Each structure stands twice: as structure tokens, then as C-alpha cells.
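Subject: Structure handover

Hello,

Here is the structure for your files. My notes are below it.

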Amino acid sequence: MTVKLLVFLAYGVQENAVVGVPKWAENTRFDIVAKAPPDSDFKMLQAMLQSLLADRFKFAFHNEDKVIRSTC
């Protein structure tokens, strides 16, 4: 998986909402091998993935309000 895809999964955002990532985060693929407790729900898995991104990739983000126009 790419880091950009991991961000989508971890934070539940749309593709066009993630900006400013380096090219390697869009192109380089990583194998993630991890185990979660059997009773983990989706929110718990997202929190674990957020922690993994911060620990392994030093990922940091901020929220910003922005108007996104549709082309439809």
C-alpha cells in the first residue's frame, strides 16, 4: 500500500482532501504486517493505523477548511 492510501484509510478522508504529500508517498508501496485483537472494530483499527503512521513515517497533519468545487 502507498502511504497516501494508508492516510485515506486511517483518517477516513476523500482522495482530493489529502494535499502536500511527497511523490514517494503516492508511488512507493509498503507491506504492512500487523496484528490487532480479534474484537477490534473499525474505529479501533483506524486509531492503530494512525499511530503506525506517526511512529513509522513521522506522519503529521492539520485540518484546514477548504471549499472543494465539483466538476459535475
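Predicted model: local features only at pLDDT ≥ 70, side-chain atom pairs only at ≥ 80, totals over all residues.

Residues are numbered from 1 along each chain as its sequence is written, and side-chain values use heavy atoms, with hydrogens and water left out.

Overall fold. The chain has three helices and zero strands, in the order α-α-α along the sequence. Helices (H or I, at least four residues) and strands (E, at least two) are DSSP runs, numbered from the N terminus. Along the principal axes, the C-alpha atoms fill a box of roughly 40 × 25 × 25 Å. Of the 72 residues, 19% are buried; buried means under 20% relative accessible area, exposed over 50%, and partly exposed in between (1.4 Å probe, protein chains only). Taking contacts (heavy atoms within 4.5 Å) between residues at least 6 apart in sequence, 60% join residues at least 24 apart.

Surface and charge. The 9 positive and 8 negative charges have mean positions 5 Å apart. Lys and Arg count as positive and Asp and Glu as negative, without His and the chain ends; each charge is placed at NZ of Lys, CZ of Arg, CG of Asp or CD of Glu.

Helix H1. Its buried residues are Val-3, Lys-4, Leu-6, Val-7, Phe-8 and Ala-10, and their cover includes H2 and H3. Just after H1, Gly-12 has a positive phi of about 60°.

Largest pocket. A pocket is an open set of points on a 1 Å grid over the protein atoms alone where a 1.4 Å probe fits, with protein on both sides within 12 Å along at least five of seven lines; lining residues have an atom within 4 Å of a point. The largest one holds about 720 Å³ and is lined by 24 residues, with Ala-17, Val-18, Val-19, Phe-61 and His-62 nearest its centre. Helix H1 (3–11) and helix H2 (23–27) are the elements that give two or more residues to this lining. The largest share, three residues, comes from H1.

Ala-47. This residue is in helix H3 (residues 42–57). Ala-47 counts as partly exposed because its relative accessibility is 42%. Ala-47 and His-62 are 15 residues apart in sequence and 16 Å apart in space, C-alpha to C-alpha.

Regards

Conventions: Points joined across faces, edges and corners; volume = space filled by probe spheres on them.
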